[in-house]
Amino acid sequence: MIRVSDINVYIKCPRMCYFLQRGHEFKRDASPGYLERLILKELALTYNSAFSAKNKLSHLNDELDRISGEIPVIYRTELPAIDDDSLASAVSNVRSCLENICSNLPSNGDFYSNNSFHVEPLLKSEKFGLTGSPDKLIGINEGHVPAIIKTGSMPETGVWQSDRLQLTAYVILVEENFKLPVDRGFVEYARWGKVREIAIKRHERRKILQIKDRIRKIQEGVMPEKPENAPCDHCSFEKMCDVRSTLTSRFF
Ligand code: SF4
């Protein structure tokens, strides 16, 4: 099975996808920046309840306190060791965003007033050999619409191309699982408490199916070319990538 997370990695760099498929792992350290993103993701799961709370800021402050205690348990596998100073620094940075988040939640009232959603449901398609868990699967009318939570930067308008493609992959999975067409998806930018809705486009569906086929080739052992604009700075695989760069397939 190919996971939607494999597609995300492929979009960043096909070679990263190759190294992960060969059993290598990203180096993860519990830096304040990484912890901040994990905390923001957990916090975004509480925006619905914050939206309906009388005092949104107090509600989010309480949730942040709860999450800061639970993060080491929820992300035990990803983060075997978290030092107290890094955690405190990450929590403090997220706390500084809360007022802004509270002021933005009402502008996404339709989204946050809907409490009919599942968190990280596991979806599978035998037909496409694809699996993945959108951050939320939202019940709207008789159907289901996927939403993803992003903890990085937010574009001025719309969503990043990588976010569009990730959502498109989830839409294909939702359609396969529920046998109903899905024409849209949502991206939540957690640091701002803002939601952007996107229409799913045919050419992006096509692109996901192409990427899926290319990942299958990678699984069979084909190493893709090193892309010109690859994000090699701080890449966990930089050393082994340089060594193997002369022996790549022309497939990509
Ligand atoms: S070093 Fe660069 S090309 Fe190689 S896997 Fe990392 S990002 Fe991709």
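Why does Lys179 count as exposed? With 7 C-beta neighbours inside 10 Å, Lys179 falls into that class, since a residue is exposed if 12 or fewer other C-beta atoms lie within 10 Å of its own, buried if 20 or more do, and partly exposed in between, with C-beta atoms placed from the backbone. The model is a predicted one, in which local features need pLDDT of at least 70, side-chain atom pairs count only at pLDDT 80 or more, and totals for chains, interfaces and linings use all residues. Residues are numbered from 1 along each chain as its sequence is written.

Lys179 sits in the loop between helix H9 (161–178) and strand E7 (184–189); helices (H or I, at least four residues) and strands (E, at least two) are DSSP runs, numbered from the N terminus. Lys179 is not a glycine, yet has a positive phi of about 55°. Asn141, also not a glycine, has a positive phi of about 50°. Asn141 belongs to the loop between strand E5 (136–140) and strand E6 (143–150), and counts as exposed because it has 6 C-beta neighbours inside 10 Å. Lys27, in the loop between H2 and H3, is exposed with 9 such neighbours inside 10 Å. Its C-alpha atom is 25 Å from that of Gln161, 134 residues away along the chain.

Strand E6 holds Ile148, which is partly exposed because 18 other C-beta atoms lie within 10 Å. Leaving aside neighbours within four places in sequence, Ile148 is in contact (C-beta atoms, placed from the backbone, within 7 Å) with Pro134, Asp135, Asp163, Gln166, Leu167 and Val187. Between Ile148 and Glu120, 28 residues apart along the chain, the C-alpha separation is 9.5 Å.

On to the helix packing. Two packed helices are described by the angle between their axes and the distance between the axes. Here axes are lines fitted to C-alpha atoms, for helices over the stretch in contact, and angles run from 0 to 180 degrees between N-to-C directions. Helix H1 (residues 4–12) packs on H10 at an angle of about 90°, the axes being 10 Å apart. H1 and H10 are therefore roughly perpendicular; angles of 65 to 115 degrees get that label, those under 35 count as roughly parallel, those over 145 as roughly antiparallel, and the rest as oblique. Asp6, Ile7 and Tyr10 in H1 meet Ile208, Ile211, Lys212, Arg214 and Ile215 in H10. That contact has five nonpolar, no polar and three charged residues, where Ala, Val, Leu, Ile, Met, Phe, Trp, Tyr, Cys and Pro count as nonpolar, Asp, Glu, Lys and Arg as charged, and the others, Gly among them, as polar.

Helix H2 (residues 14–21) also packs against helix H10 (residues 202–219), at about 45° and with axes 9 Å apart. This angle makes H2 oblique to H10. From H2, Pro14, Cys17, Tyr18 and Gln21 meet Arg214, Ile215, Ile218 and Gln219 of H10. By class, the residues of this contact are five nonpolar, two polar and one charged.

Then there is helix H5 (residues 56–74), with a bend of about 35° at Ser68 and a proline, Pro72, following within four residues. The bend is the angle between axes fitted to the seven residues ending at a residue and the seven starting there. Buried residues in H5 are Lys56, Leu60, Leu64, Ile67 and Ile71. They pack against helix H3 (32–44), helix H4 (47–52), helix H6 (84–95) and helix H7 (98–104).

Conventions
Two residues are in contact if their C-beta atoms, placed from the backbone, lie within 7 Å.
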